[in-house]
Protein chains: 2
Amino acid sequence: MPTMTAAQKRAEAKVEYDAFLAGCPSRQLLDRVSDKWVALILAALGSNGPHRTGVVSAGEPRAMRYSELSRRLAGVSQKMLTQTLRSLERDGLVTRTVTPTVPVTVTYELTDLGLSLQDVMRGIKAWAEQHMNEVLAHRSDYDTRVD
Amino acid sequence: MPTMTAAQKRAEAKVEYDAFLAGCPSRQLLDRVSDKWVALILAALGSNGPHRTGVVSAGEPRAMRYSELSRRLAGVSQKMLTQTLRSLERDGLVTRTVTPTVPVTVTYELTDLGLSLQDVMRGIKAWAEQHMNEVLAHRSDYDTRVD
DNA sequence: CAGGATCCCGCTAGATACTG
DNA sequence: CAGTATCTAGCGGGATCCTG
């Protein structure tokens, strides 16, 4: 009996790998940005959301209240909205400002860091708009071939 | 009793929203790219993986066997590796080539589409390397303030 | 108004065992 | 070698109720 079984070796490799992934900046960013609501919230705070009829200078950051965000991002639960906003604040991507009116007023706004992140989002959006239909074509093609 | 309760309205809004998200190219790309193993597989096939000691021209795509990928991406289960490779093939991002030797040989290689996607990945990587420590600083700062 | 606290459910990653 | 099949536990996320 060896001192370490194959299963143990794999388990050890996995631990090392998880540690590597946890420390990898790109992985962290990917996890952050791919969160279901992050992209939408950033877009909304960047005034790039849908339902905008007036003329809006693109990229012009905008402060929004909790309830306004909630309305624009129809479909998000309060839990996820709050949770996501908290984590974004924690990461320094948005600011949370409490005005002690009655009832209390809370506004959220993009920081410079959050704003710079939008450039990355734009890159993603650009690739998606250019190539996603091609991907979709491959996909349906693959599916019909397999039946 | 109204014809539609508030809960029903919210449920309907959610359905609409889910449909919107499902059809949104950026969302689809984000889901695809943020998959736990996709970025690693793309990086490996692009010869940008770790454990490379020799001189490698960056961006030079490279065909790799299943077992080689499995070794380089220590920590991935066969199930996830196979599943991820299949979905990448389905999307036209990698090619799967079966050579009927005995035992059978299967190689994977990036397509042009997959290669172009790496540009986006580079953008993500760049932002992460430039700003992630700042994010991390905000994060620990936030955590100590809250205690 | 802007959340906090709970309960709960579906999905999926991973471990294990088997195969052409 | 390169997978497939099956089972299960853990957890993200939504629904619901409650509060300063």
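**Reading the interface and the DNA surface**

Analyst: We may begin with one pair: B:Asp91 and A:Arg139 join their side chains in a salt bridge, 2.7 Å from N to O. A salt bridge is a side-chain nitrogen of Lys or Arg within 4 Å of a carboxyl oxygen of Asp or Glu. This is a predicted model, in which local features need pLDDT of at least 70 and side-chain atom pairs count only at pLDDT 80 or more, while totals for chains, interfaces and linings use all residues. Residues are numbered from 1 along each chain as its sequence is written, chains are lettered from A and ligands numbered from 1 in the order in which they are written, and side-chain values use heavy atoms, with hydrogens and water left out.

User: How many salt bridges are found across the interface of chain B and chain A?

Analyst: The rule finds 4 salt bridges there.

User: Which elements of chain B touch chain A?

Analyst: Helices are DSSP runs of H or I, at least four residues, and strands are runs of E, at least two, numbered from the N terminus. Helix 1 (6–23), helix 2 (25–33), helix 3 (38–45), helix 5 (78–90) and helix 6 (112–146) of chain B each give two or more residues to the side touching chain A. Helix 6 of chain B gives the most, with 19 residues.

User: How is the size of an interface expressed?

Analyst: It is often given as the accessible area lost when the parts come together. Buried area is that loss for two parts (1.4 Å probe), summed over both. Here chain B and chain A bury about 4,300 Å² between them, with 68% of it on carbon and sulfur atoms. Of the area that chain B buries against chain A, B:Tyr17, B:Arg90 and B:Trp127 supply 17%, more than any other three residues.

User: Which residues come nearest to DNA strand D?

Analyst: A residue is near a strand if one of its heavy atoms lies within 4 Å of it. Among the 17 residues around DNA strand D, the nearest are A:Lys79, A:Met80, B:Ser67, B:Arg96 and B:Tyr108. Sugar and phosphate make up 72% of the DNA strand D atoms that come within 4 Å of the protein.

User: Where do polar side-chain atoms lie relative to the phosphate oxygens of DNA strand D?

Analyst: For B:Arg96, such an atom lies 2.5 Å from a phosphate oxygen. The corresponding distance is 2.8 Å for B:Ser67 and 3.0 Å for A:Lys36. Helix 5 of chain A gives the most to the surface near DNA strand D, with 3 residues.

How values were computed. A polar contact is a pair of N or O atoms within 3.5 Å; within protein, one must be able to donate a hydrogen and the other to accept it, and residues adjacent in sequence count only if both atoms are side-chain atoms.
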